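This report concerns the packing and strand pairing of one protein model. Please consult the sequence and the coordinates shown below while reading.

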Amino acid sequence: MAAPVTIRAGHVIGGTLVESAGERIEVVNPATEEVIAAVPAGTPADVDTAVAAAAEAFAGWAARDPRDRAAVVRKVAEGVIARRSEIAALITAEMGSPIGFATKVQASLPAATTAGIADLVEGGYAFTEEIGNSLVVREPIGVVGAITPWNYPLHQIAAKVAPALAAGNTVVLKPSEVAPLNANLFMEILAEAGVPAGVVNLVHGTGPVVGEAIAAHPRVDMVSFTGSTAAGKRVSAVAAQTVKRVALELGGKSANVVLDDADLGRAVKIGLANTYINGGQTCTAWTRMLVPASRHDEAVELAVAAAAKYTVGDPLDEATRIGPMSSAAQRDRVLDYIRLGVEEGAVLAYGGKTDGLPERGAYVPPTIFAGVRADMRIAQEEIFGPVLSILPYADEDEAVAIANSTIYGLAGAVFGADQDRAVAVAKRLRTGQVDVNGGAFNPVAPFGGYRQSGNGRELGRFGLEEFLEVKSIQL
């Protein structure tokens with residue numbers, strides 16, 4: 001069992017911890033329903049102060065050699081590794097991610113993506129190049145507003161802060177108020193790594209107050225936002241008033257296309273694992289499994305058998321595979337969608353009922369719907385919980401049409417014995433990343449979506465370049 005973690009929670013502005021005496025937001029452990037901390041409810045005035053600190057620190061940080069900045073970023077990655085157990089325990093307490101997953105992914109992926117940025121810059125990334133008689137220079141964009149979600153809280157912070165720092169920018173960070181404590185721990189890691197005061201500033205608070213103040217601020221040059229599509233639209237609208245750059249990583253409703261020649265058992269096992277990862281609270285989760293109509297019942301039988309192995313319970317128990325949802329509100333949202341699926345006429349093949357779950361905590365049963373039509377809301381809308389919809393299709397063209405039938409385009413998968421054919425189908429999917437036959441996640445490959453899953457890319461070279469302006473100097 002992980003040891004409890006305590007952290008001083010407050011804004012961090014100009015290198016100083018600010019524990020506001022005003023209104024505070026309670027942080028609730030979703031497994032125990034106990035309040036474990038409280039953070040300040042930030043105000044537009046707090047954002048003003050943080051932006052001023054970031055603007056003041058910008059010139060000095062931007063002037064440093066990129067390799068020097070990269071060396072600091074690498075120390076950040078090392079600091080995350082050194083405090084991995086603390087980070088994992090804290091994230092488990094904040095949002096209920098099972099401790100095993102929190103250790104292997106929530107607390108480890110941020111180090112990998114951060115180190116990837118350091119590798120890129122230290123490996124000779126070209127901040128300048130010659131094109132004809134022009135010297136093309138890539139320069140930091142300025143003050144970056146980073147607004148991050150609760151489902152992979154530290155990973156999303158690192159995926160924005162690390163490339164922003166390597167590019168020479170300064171940052172005003174607003175983490176989710178649902179899981180904000182890891183951000184304070186990260187600020188400690190930044191300071192220990194040598195990030196100067198004011199280069200990264202932390203303001204806690206809600207989206208409608210602090211998030212909008214960041215997006216609207218005339219001295220914020222860019223906003224990088226991860227969250228729901230609805231919230232991303234609002235960020236875009238507010239930021240447009242000052243014509244700042246906006247990068248959005250939004251929702252998804254990803255399809256797992258199982259071709260007729262696929263190893264069905266393997267495709268279902270891997271597909272279900274991806275659906276239930278982090279309790280289904282993953283924007284890239286393959287929540288729609290598309291199978292040949294002739295093999296639909298077989299796929300359902302395999303999925304039901306696999307789902308029975310997904311234990312639900314205390315996230316501090318190493319045997320737990322699905323912990324609580326991040327909050328009571330998220331639990332209620334997922335349960336409402338399960339009820340909706342039944343009302344729409346989908347077949348509830350597994351789960352769906354809260355009988356046998358812990359009486360206390362924001363728990364939801366792993367659930368499978370069969371015989372789902374593409375026009376059902378459970379096949380069109382992001383549920384963000386452990387709910388899989390299995391959809392039959394007649395042929396490959398219909399499978400592709402169903403896969404592309406939502407407003408989203410973030411991720412997806414294709415399984416097939418003929419890899420060339422599977423890759424050809426992957427190329428037809430209108431989505432930002434596709435895994436073929438269980439291809440592994442690549443922390444330096446571009447990550448982002450098509451359509452209403454967002455714009456811009458994170459991670460690796462593409463992620464770094466989101467935070468750079470391009471200037472041409474004619475010689």
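The model is predicted: local features need pLDDT of at least 70, side-chain atom pairs count only at pLDDT 80 or more, and totals for chains, interfaces and linings use all residues. Residues are numbered from 1 along each chain as its sequence is written, and side-chain values use heavy atoms, with hydrogens and water left out.

**Nonpolar cores**

A nonpolar core is a set of buried Ala, Val, Leu, Ile, Met, Phe, Trp, Tyr and Cys residues joined through side-chain atoms within 4.5 Å. Buried means under 20% relative accessible area, exposed over 50%, and partly exposed in between (1.4 Å probe, protein chains only). The largest such core holds 67 residues, and those with the most contacts inside it are Ile87, Leu165, Leu181, Phe186, Leu190, Val195 and Val200. Helix 6 (residues 153–167) gives the most to this core, namely nine residues. Helices (H or I, at least four residues) and strands (E, at least two) are DSSP runs, numbered from the N terminus. Apart from its neighbours within four places in sequence, Phe186 is in contact (heavy atoms within 4.5 Å) with Val76, Val80, Leu154, Ile157, Ala158 and Val161. A second, separate core comprises 31 residues, among them Phe369, Leu391, Tyr393 and Leu429.

**Helix 5**

Helix 5 (residues 109–122) has 14 residues and reaches 20 Å from its first C-alpha to its last, close to the 20 Å expected at 1.5 Å a residue. The expected span is 1.5 Å times one less than the number of residues. Because ten of its 14 residues are buried, helix 5 is largely enclosed by the rest of the structure. The buried residues of helix 5 include Leu109, Ala111, Ile117 and Val121. Their cover includes helix 2 (66–82), helix 4 (99–106), helix 6 and helix 16 (460–465). Just after helix 5, Gly124 takes a positive phi of about 100°.

**Strand pairing**

Two strands pair if DSSP finds at least two bridges between them. An open sheet of three strands has the order 5-6-20 with antiparallel pairing. Its edge strands, each pairing on one side only, are strand 5 (128–131) and strand 20 (468–474).

What covers strand 7 (residues 143–147), and on which faces? Val143, Gly145 and Ile147 on one side, and Val144 and Ala146 on the other, are all buried, so that both faces are covered. Strand 7, helix 6 and strand 8 form a right-handed β-α-β unit; right-handed here means that, with the strands pointing away from the viewer, the path from the first strand over the helix to the second runs clockwise.

The table lists three pairings, each with one pair of facing residues.

| Strands | Sense | Bridges | Facing residues |
|---|---|---|---|
| Strand 5 and strand 6 (residues 134–140) | antiparallel | four bridges | Ile131 and Ser134 |

**His217**

His217 lies in the loop between helix 8 (207–216) and strand 10. Why does His217 count as buried? Its relative accessibility is 10%, and therefore His217 falls into that class. Leaving aside neighbours within four places in sequence, His217 is in contact with Val47, Asp48, Val51, Thr242 and Lys244.
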